[in-house]
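Student: I have a new structure to look at. Can you take me through the terms used for it?

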Amino acid sequence: MPEHKLHILSTRPVEISRIEEAQQKGMILDVLSFIETEAIKTIEVQQEIEWASVRQATVVFTSMNAVEAVTEMLDGHIPDWRIYCMGYKTKQLITDYFGETAISGTADNAAELADEILENEEPEEVIFFCGNQRRDELPGKLRSHHISVNEVVVYETLPVEHKLEKEYDAVLFFSPSAAESFFKKNK
C-alpha cells in the first residue's frame with residue numbers, strides 16, 4: 001500500500017531549497033500566489049519619500065514590499081533613519097540596503113513593534129511606509145500614545161483568485177489579503 005504524502009499549498013513564493021526539503025520529508029509543496037503587489041509610482045509618493053529622505057526620522061516597515069518600493073525610489077541614497085521592522089525577509093532587505101546599524105528594533109507582529117518603538121523612544125512622529133491594505137494595530141497603538149503617524153502608501157495589494165482543482169492537507173497563508181483572495185473561490 002503506497003504511503004500518503006502530505007500535500008501543502010504555499011500562497012506565496014518559497015525558496016527552492018524549502019520545496020526540496022519538504023520532498024525529502026515526504027511532503028509535496030506547491031506554490032500558488034493569491035495576491036500580487038504593485039509599487040505606487042506617482043509624483044506624490046515620490047515627493048513623500050524624498051521629503052522623508054532628507055531628514056532624520058523614525059521609520060517603520062512591516063512589509064518587504066514597502067521596503068522594495070521605497071528603496072527603488074531612493075535610488076542608492078541612504079537617509080538618516082532609525083528603522084523599525086517586522087519579519088525576517090523585511091529585516092534582511094533593510095540590512096542589505098541601509099546596513100544593520102539602521103535597524104533600531106524588530107518584532108514578530110505590528111502590536112509588538114509598536115511596543116518596541118514606545119520602549120526605545122517616544123518620537124513625536126513616525127513615518128510608516130505601508131501598503132493600501134495595512135492593518136490598524138501599529139498606527140492605532142502609536143496614536144493612542146500621542147505619536148503622529150505619517151502613513152505613506154507605497155504599494156497596493158491586488159487579489160489573484162484561483163479555483164483549486166486539487167485538494168490539500170494544509171494551506172500556508174502569509175497575509176490576510178492572500179487568505180481573503182483564496183476563500184473567494186475555495187473552501
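Tutor: Start with two strands. β1 and strand β2 (residues 27-31) are joined by 5 bridges and run parallel. Keep in mind that this is a predicted model.

Student: What makes β1 and β2 a pair?

Tutor: Pairing takes at least two bridges. β1 and β2 have 5 bridges, so they pair. One of the bridges links Leu-6 with Met-27 in β2.

Student: Why is the crossover from β1 through α1 to β2 called right-handed?

Tutor: Point the strands away from you. The path from the first strand over the helix to the second must then run clockwise. The β-α-β crossover from β1 through α1 to β2 is right-handed, so its path runs clockwise in that view.

Student: Where is Thr-11?

Tutor: Thr-11 sits in the loop between β1 (6-10) and α1 (16-24).

Student: How do you know whether Thr-11 is buried or exposed?

Tutor: Buried means under 20% relative accessible area. Thr-11 has 2%, so Thr-11 is buried.

Student: What makes the pair Thr-11 and Leu-172 a polar contact?

Tutor: The cut-off is 3.5 Å between N or O atoms, with one able to donate a hydrogen and the other to accept it. A polar atom of the Thr-11 side chain lies 2.7 Å from the backbone oxygen of Leu-172.

Student: What describes the packing of α5 and α6?

Tutor: Two packed helices are described by an angle and a distance between their axes. For helix α5 (residues 110-120) and helix α6 (residues 137-144), the angle is about 35° and the axes are 8 Å apart. Residues making the contact include Leu-113 and Ile-117 of α5, and Leu-138 and Leu-142 of α6.

Student: Why is the crossing of α5 and α6 called right-handed?

Tutor: The term applies if the near helix is turned clockwise from the far one by less than a right angle. α5 passes α6 in a right-handed crossing, so the turn is clockwise.

Student: How many helices and strands does the chain have?

Tutor: The chain has 7 helices and 9 strands. Of its 187 residues, 40% are buried.

Note on methods
Residues are numbered from 1 along each chain as its sequence is written. This is a predicted model: local features need pLDDT of at least 70, side-chain atom pairs count only at pLDDT 80 or more; totals for chains, interfaces and linings use all residues. Side-chain values use heavy atoms; hydrogens and water are left out. Helices (H or I, at least four residues) and strands (E, at least two) are DSSP runs, numbered from the N terminus. Buried means under 20% relative accessible area, exposed over 50%, partly exposed in between (1.4 Å probe, protein chains only). Axes are lines fitted to C-alpha atoms, for helices over the stretch in contact, and angles run from 0 to 180 degrees between N-to-C directions. Contact means heavy atoms within 4.5 Å.
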